[in-house]
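Hi everyone, thanks for making time.

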Amino acid sequence: MIGVCCALLGHVFIDRRDRASALASLEQAKQRLTGGTSILFFPEGTRSRSGELRPFKKGAFRMAQDLDLPILPVTIIGTREILPADSLRMHPGTVDLTVHAPVAVTGKDDAAVEDALARSRAAIASVGEGCLELTRPRPATLAYPRAASGARHNARRPYAYAPPP
């Protein structure tokens, strides 16, 4: 279900098992970027089961270098508890996003890619240092839908998203 929704939204999927297919997907993403669309990369390539920051793949950084675009590192904390690995069952919780200062890929060689990767990874790992804004907004609430009587529905029903006022 999630994959179908992602496809309908125009996500570009990268098959890491097939290098030629992965490169073709990156070319498709490049075309979208040059058209003004922002692209979200998860440079670790896959979820960490332990919560540790995994090694970054270079694709996003090479693309930023090729198109002379900055990388905007973002730290996401709390999603493991909300959607555990190997599960599609969501749990209530809070997710913290930290938007860090942009990182430019300065240079056209592999060393420039490695440097931008290292600086982005360090920013994401630091959470708090060099951030554009350090605020803790009120979390959005996840609530069970209520029956007309005010009683809670069965706990197995999906959560309703209510943005903060």
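This is a predicted model: local features need pLDDT of at least 70, side-chain atom pairs count only at pLDDT 80 or more; totals for chains, interfaces and linings use all residues.

The protein chain has 165 residues, and 19% of them count as buried. You'll find 5 helices and 4 strands in it. If you read along the sequence, the order goes α-α-α-β-α-β-α-β-β. Now, take the contacts between residues at least 6 apart in sequence: 55% of those join residues at least 24 apart.

Okay, on to the aromatics. How many aromatic pairs does a search of the whole structure find? It finds 1. That pair is F56 with F61, and the rings are stacked, with centres 6.3 Å apart and 15 degrees between the planes. Are these two buried or exposed? F56 counts as buried because its relative accessible area is 10%, under the 20% cut-off. F61 is buried as well, at 3%. There's also a charge here: the charged end of R121 sits over the ring of F56, 5.6 Å from the ring's centre.

Next, salt bridges. Side chains of opposite charge can pair when their charged atoms come close. Searching the whole structure gives 3 salt bridges. Let's take K58 and E114, where the closest N and O atoms are 2.5 Å apart. This pair ties together distant parts of the chain, 56 residues apart: K58 is in the loop between α2 and α3, while E114 is in helix α5, which covers residues 110–126. Both ends are partly exposed, K58 at 33% relative accessible area and E114 at 35%.

Then there's D110 with R62, at 3.1 Å from N to O. Here too, distant parts of the chain are linked, with D110 in helix α5 and R62 in helix α3, 48 residues apart. What about their exposure? D110 counts as exposed because its relative accessibility is 52%, and the cut-off is over 50%. R62, at 34%, is partly exposed.

The remaining one to show you joins R119 and D115, 2.9 Å from N to O. Both residues lie in helix α5, 4 residues apart, so about one turn of the helix. R119 is partly exposed at 34%, and D115 is partly exposed at 36%.

Here's a backbone detail. Which residue has a positive phi although it is not a glycine? That's D68, with a phi of about 55 degrees. You'll see D68 in the loop between α3, residues 59–67, and β1. D68 is exposed, with a relative accessible area of 60%.

Last stop, the surface. There's a nonpolar patch of about 730 Å², made by L40, F42, L72, V74, I76, V95, L97 and V99. Which strands each supply at least two residues of the patch? Those are β1, residues 74–77, and β2, residues 96–99. Take L97 as an example: L97 sits in strand β2, and with a relative accessible area of 57% L97 is exposed.

That's the tour, so over to you for questions.

Terms used:
Residues are numbered from 1 along each chain as its sequence is written. Side-chain values use heavy atoms; hydrogens and water are left out. Patches are made of residues with over 30% relative accessible area and no salt bridge: like charges are joined within 9 Å, nonpolar side chains (Val, Leu, Ile, Met, Phe, Trp, Tyr) within 5 Å. Accessible areas come from the Shrake-Rupley method with a 1.4 Å probe; for residues, only the protein chains shown count as cover. A salt bridge is a side-chain nitrogen of Lys or Arg within 4 Å of a carboxyl oxygen of Asp or Glu. Buried means under 20% relative accessible area, exposed over 50%, partly exposed in between (1.4 Å probe, protein chains only). Contact means heavy atoms within 4.5 Å. Rings of Phe, Tyr and Trp (its six-membered ring) pair if their centres lie within 6.5 Å; planes under 30 degrees apart count as stacked, over 60 as edge-to-face and the rest as tilted. A charge sits over a ring if NZ of Lys or CZ of Arg is within 6 Å of the ring centre and within 35 degrees of the ring normal.
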